[in-house]
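Me: I am new to this structure and would like to know what stands behind the words used to describe it. Please set each value against its definition before you conclude.

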Amino acid sequence: MGLLVLVLLVILVVVLASSVKIVPQAYAYVVERLGAYQGTWSVGLHIKMPIIDKVAKKINLKEQVVDFAPQPVITKDNVTMRIDTVVFFQITDPKLFAYGVENPIMAIENLTATTLRNIIGDLELDQTLTSRETINTKMRASLDEATDPWGIKVNRVELKNIIPPAEIQNAMERQMKAERERREAVTRAEGEKKASVTVAEGKKEAAILEAEAEKQSAILRAEAQKEKMIREAEGEAAAILKVQQATADGIRMIREAGADESVLRIKSLEAFEKAADGKATKIIIPSEIQGIAGLAASLKEIVTK
């Protein structure tokens with residue numbers, strides 16, 4: 001009898017212990033009573049009815065990431081390629097997630113594949129390769145709307161990799177190589193052009209500087225020549241002034257010695273001859289001196305006869 005009581009107590013303790021449940025953070029438990037939905041337990045301590053209540057599903061409420069295998073798709077221009085996607089989703093309603101669809105992950109994978117085929121089917125190859133952001137946005141909106149009845153929120157969809165056929169890859173590589181060579185040729189031509197322009201500008205500046213230097217040199221030479229001519233003119237003027245001064249002094253001395261007017265005029269003529277010094281091209285002789293010169297010539301002819 002005592003043994004039976006002990007066994008019953010042990011069974012009671014085990015049942016009571018199994019009725020106490022602790023829900024951890026970021027999880028939710030879906031509880032059923034006699035096979036029907038009873039409620040959803042959030043974080044904390046919970047007690048269920050023994051035997052008639054059970055935890056039907058433990059739901060992870062954290063954001064989850066699913067990487068699907070590459071899916072074959074056909075573009076609008078009939079190019080077959082393989083695209084693998086990554087889906088970021090989060091369970092927002094544990095009840096809908098538990099009872100909405102049999103296998104949610106498989107459902108999301110199939111839905112992702114069909115949505116991707118529909119979107120890529122409206123794009124050509126070049127658009128597919130350059131429109132990843134647009135494709136991601138369309139897929140996220142479509143998947144989020146489709147999975148809403150399942151209690152799933154699709155936060156983000158990314159095209160992880162786009163794998164075109166081998167011949168397309170080879171053609172793209174050749175195209176990229178040709179484009180790089182073209183850019184290299186353009187860059188080289190632009191460099192040569194800039195170098196030519198720089199050389200031409202250098203020659204132009206050198207010619208300008210040379211012309212400016214020649215101009216300054218010519219100005220300096222002209223100023224030097226001008227100064228030289230001024231000095232020579234001043235010297236000649238000073239010499240003429242000295243000759244005239246000496247002549248005036250001589251005439252004054254002759255006049256003081258009592259010479260007549262004829263002698264004075266002859267002396268003046270001699271003074272003009274010295275002033276000319278054989279260099280003057282034109283000498284203006286006063287009329288009275290010209291008369292004396294004529295008289296002197298007549299006397300010379302008489303004496304000669």
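This is a predicted model: local features need pLDDT of at least 70, side-chain atom pairs count only at pLDDT 80 or more; totals for chains, interfaces and linings use all residues.

Reply: Residues are numbered from 1 along each chain as its sequence is written, and side-chain values use heavy atoms, with hydrogens and water left out.

Me: Which residues does Tyr 29 face in β3 and in β5?

Reply: Tyr 29 stands opposite Lys 58 in β5, and its bridge partner in β3 is Trp 41. Another bridge partner in β3 is Ala 36, which pairs with Arg 33. The hairpin of β2 and β3 has two residues between the strands, and there Leu 34 takes a positive phi near 55°.

Me: Why is β2 called largely enclosed?

Reply: A residue is buried under 20% relative accessible area, exposed over 50% and partly exposed in between, judged with a 1.4 Å probe and protein chains only. Five of the seven residues of β2 are buried, and therefore the strand is described as largely enclosed by the rest of the structure.

Me: How do you know that Asp 53 and Arg 33 form a salt bridge?

Reply: A salt bridge needs a side-chain nitrogen of Lys or Arg within 4 Å of a carboxyl oxygen of Asp or Glu. The N to O distance between Arg 33 and Asp 53 is 2.6 Å, so the pair meets the 4 Å limit. Because Asp 53 lies in strand β5 and Arg 33 in strand β2, the pair ties together parts that are 20 residues apart in sequence. Asp 53 has a relative accessible area of 4% and is therefore buried, whereas Arg 33, at 31%, counts as partly exposed.

Me: How many salt bridges are there, and which others can you describe?

Reply: The structure holds nine salt bridges. One of them joins Glu 179 to Arg 183, with the closest N and O atoms 3.2 Å apart; these residues are four apart in helix α6 (residues 166-256), which means a separation of about one helical turn. Glu 179 is partly exposed at 29% relative accessibility, while Arg 183 at 53% counts as exposed. Glu 184 and Arg 188 also meet in a salt bridge, at 3.0 Å from N to O, and both lie in helix α6, four residues apart. Salt bridges also link Arg 140, Asp 144 and Lys 153 in a network.

Me: Why is the pair of Tyr 37 and Tyr 99 called edge-to-face?

Reply: Rings of Phe, Tyr and Trp (its six-membered ring) pair if their centres lie within 6.5 Å; planes under 30 degrees apart count as stacked, over 60 as edge-to-face and the rest as tilted. By this rule the count comes to one aromatic pair. The centres of Tyr 37 and Tyr 99 are 5.9 Å apart and their planes stand at 85°, so the pair passes both tests for edge-to-face. It links distant parts of the chain, with Tyr 37 in strand β3 and Tyr 99 in helix α2 (residues 94-100), 62 residues apart. Tyr 37 is partly exposed at 32% relative accessible area, and Tyr 99 is partly exposed at 40%.

Methods: Two strands pair if DSSP finds at least two bridges between them.
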